Amino acid sequence: MLTFADVRLGFSDGPVFNRLDLVIAPGKLVALLGRSGCGKTTALRLAAGLIRPDAGRVDIRFRRTAMVFQEPRLLPWASARDNAAFGLAARGVPRRERRARADALLTAFGFTAADLDKRPAQLSGGMQSRVAIARAFAIEPDLVLMDEPFAALDIGLRRDLQDLVRETVDRRGSAVLFVTHDITEAVRLADRILVLSPRPAQVVFDRPSQPIAEPAAIHAQASALFEQPAVRSAMLAR
Ligand SMILES: Nc1ncnc2c1ncn2[C@@H]1O[C@H](COP(=O)(O)OP(=O)(O)OP(=O)(O)O)[C@@H](O)[C@H]1O
């Protein structure tokens with residue numbers, strides 16, 4: 001469980017959150033939407049314990065948190081396998097077990113034996129993103145924080161990776177807090193959809209959702225969501 005209770009946080013240019021209350025339950029994929037600059041990444045950084053609120057409480061009851069960023073952020077000199085195993089090395093997991101766990105994940109993500117030894121520059125952008133997702137899940141996190149992980153990818157690749165994340169979450173039962181600008185991505189993936197208002201950000205929409213696979217149904221549901229006044233005004237530029 002992750003709880004934001006009455007969280008206040010500001011920077012020199014003013015408040016980001018005045019009174020943010022939020023609870024993230026285990027095992028659910030929660031999509032976090034909101035206009036650019038409203039505070040989504042800041043919410044993830046609070047959830048990761050990287051920054052602290054000025055007032056209020058961020059209570060992190062998850063045991064192990066992993067992060068996935070928009071860019072894969074891989075070590076350029078290390079193989080796909082060693083990149084995927086990176087978090088395990090930091091946790092002191094023995095080398096054989098690290099390799100076994102990284103290989104199993106990457107193989108499940110479509111890597112061949114030869115791919116495992118390739119360095120990031122030898123991998124396509126989509127494969128690099130897969131390594132970044134494998135690195136996050138390799139540590140067996142119970143919370144994964146994802147900051148627009150697929151925003152830079154083309155639509156086909158994005159869809160493949162969305163499926164990969166959804167399947168991995170379903171298999172492993174991790175909770176995910178997933179920042180996106182894309183309502184269709186939220187509708188496709190999420191068990192719950194949250195929308196933040198512009199700064200100072202508050203939760204203006206919070207509903208359970210069902211992941212949807214069928215493209216026409218995704219678009220219909222995304223349009224319906226966008227017709228909700230709270231969602232529309234939070235997402236549209238002034
Ligand atoms: N370390 C910092 N110092 C000062 N201001 C900051 C800092 N980090 C973020 N901000 C400001 O806080 C606000 C929220 O930033 P944040 O990155 O959380 O927004 P976001 O919703 O993730 O935006 P985007 O969708 O564009 O990535 C922005 O106005 C940003 O300029």
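**Exercise 1. Determine how many residues of domain 1 are in contact with how many residues of domain 2, and describe the domain 1 side.**

Solution. Contact is counted when the C-beta atoms of two residues, placed from the backbone, lie within 7 Å. On that basis, 10 residues of domain 1 are in contact with nine residues of domain 2. Helix α7 (residues 155-172) gives the largest share of the domain 1 side, six residues. Helices here are DSSP runs of H or I with at least four residues, strands are runs of E with at least two, and both are numbered from the N terminus. By class, the domain 1 side holds seven nonpolar, one polar and two charged residues. Nonpolar covers Ala, Val, Leu, Ile, Met, Phe, Trp, Tyr, Cys and Pro; charged covers Asp, Glu, Lys and Arg; the others, Gly among them, are polar.

The model is predicted: local features need pLDDT of at least 70 and side-chain atom pairs count only at pLDDT 80 or more, while totals for chains, interfaces and linings use all residues. Residues are numbered from 1 along each chain as its sequence is written.

Next, the bounds: domain 1 is 1-9 + 18-64 + 143-237 and domain 2 is 78-139, as set by an automatic or database domain assignment. Their centres, taken over C-alpha atoms, are 26 Å apart.

**Exercise 2. Give the strand order of the open sheet of three strands and find its edges.**

Solution. The order is β2-β1-β4, with antiparallel pairing; a pair requires at least two DSSP bridges between the strands. β2 (14-24) and β4 (55-60) each have a single partner strand, so one side of each lacks a neighbour in the sheet. Neighbouring strands are turned by 25° against each other on average, direction ignored. β1 (residues 2-11) pairs with β2 over seven bridges, and F11 has G14 in β2 as its bridge partner. Helix α1 (residues 40-47) lies across β1, β2 and β4 at about 125° to β1. Axes are lines fitted to C-alpha atoms, for helices over the stretch in contact, and angles between N-to-C directions run from 0 to 180 degrees.
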